[in-house]
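Here is a friendly briefing to read alongside your structure.

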Amino acid sequence: MGLSVSGAARRALILGLSGLALVLGAGALAQSYPTQPIRILLPYGAGGVADISARVVAQRLSQQLGQQVLIENRPSAGQIVATEAVKSAAPDGYTLLWFNQGHAVSASLFNALPYDPAKDFLPISTVGFFGMALVVDSKSPYASVKDLIAAAKAKPGKLNVGTTSPGGTQHIAAELFKSMADVDFQTIPFKTTPLIITSLKGGDLQAMVEILAPMIPHIKSGNLRALAVTFDHRFAGLPDIPTLAEAGVPGYEASAWNGVAAPLKTPKPVIDRLNREINVAVEVPEVKQRLQDLGVDAKGSTPEALHALLVSETAKWKKVIEAAKIPKQ
């Protein structure tokens, strides 16, 4: 007597085999990827901290993946050129985006963007966090954050704090300090770090907020005095410098984070493979130390954690930008 199979059973069998094929196909894709060089589009020019950090990580990833991981600089206002190019790229894992805090900030700085950072990309992992420092001249009368806050309260609007251009990470970090410390000072934007330092040394500024990388040599040499770092923990490269939260502004945290994202519809096995490799790369002692020398706290994450960070940072900086009345572009 022959064995009969019902229509429902046949459909179940077909679905089961299809599901198995998808699982096996995904596994094969994860095993074979990558088969050609990978490009990471960087929304900044060559030579900066983000560029150097990206190249340090890319070099390590090239070794791990057995394919070249290339950094391609696509600088533009608001990071739009690089970001839009990745949004339009094939979702195959070979064109990636250097995803960063600027994507959280730009939503509040521009009237319109040709993409939604939170919806048009698949986050892969964080790479590291760029801390900043609140710095005064070595001859300044302000020996602590509390000294600076007291002076600002005694002379509302009279102190000058230098940062880079309006809307930049350093600028909004200074505005967050102003808000959370409940003080009033003038935030003065400059085009370059050397110009800020010259004005600080000349007495035109009473303090400055800048990313750690260009500050570390000045701090270690004694040319400038760091009152605090903006991380939520002490930076391993400057362990004696307190955080702003420790030094008098409870709850303060500001850092420029960096990560990697891919176009929508990039296969999950590719995202998972890249996530694993990035997390391994940033924990390699030589990579970790090289990034620390640049003022970067190396740290990987899950894709979900990077997405949550983007969403929370977008809301956080939106409030700061609106409070500071920074005009949209």
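**Salt bridges and a helix at a glance**

R55 and D51 are joined through their side chains by a salt bridge, at 2.9 Å from N to O; the term means a side-chain nitrogen of Lys or Arg within 4 Å of a carboxyl oxygen of Asp or Glu. This is a predicted model, in which local features need pLDDT of at least 70 and side-chain atom pairs count only at pLDDT 80 or more, while totals for chains, interfaces and linings use all residues. Residues are numbered from 1 along each chain as its sequence is written, and side-chain values use heavy atoms, with hydrogens and water left out.

**Salt bridges**

- R55 and D51 sit four residues apart in helix α2 (residues 49-65), so about one helical turn separates them. Helices (H or I, at least four residues) and strands (E, at least two) are DSSP runs, numbered from the N terminus.
- D51 is buried at 4% relative accessibility, whereas R55 is partly exposed at 36%. Buried means under 20% relative accessible area, exposed over 50%, and partly exposed in between (1.4 Å probe, protein chains only).
- The whole structure holds twelve salt bridges.
- One of them pairs R39 with E72 at 3.0 Å, N to O. This pair links distant parts of the chain, with R39 in strand β1 and E72 in strand β2 (residues 69-73), 33 residues apart.
- E283 and K288 also form a salt bridge, at 3.4 Å from N to O.

**Helix α7**

- In α7 (residues 193-202), the buried residues are T193, I196, I197, S199 and L200. They fall within an arc of 165° seen down the helix axis, so they line one face of α7; the arc is that of the directions from the helix axis to the C-beta atoms.
- P194, T198 and G202 are exposed on the other side of α7.
- The cover over the buried residues of α7 includes β5 (132-137), β6 (160-163) and α8 (212-221), where contact means heavy atoms within 4.5 Å.

**Backbone details**

- Most residues other than glycine have a negative phi, and most peptide bonds are trans.
- D182 is not a glycine, yet has a positive phi of about 55°. D182 lies in the loop between α6 (169-181) and β7 (186-189) and is exposed at 60% relative accessibility.
- K265, also not a glycine, has a positive phi of about 75°. K265 is exposed, with a relative accessible area of 74%.
- Y33 and P34 are joined by a cis peptide bond, with omega about 0°.
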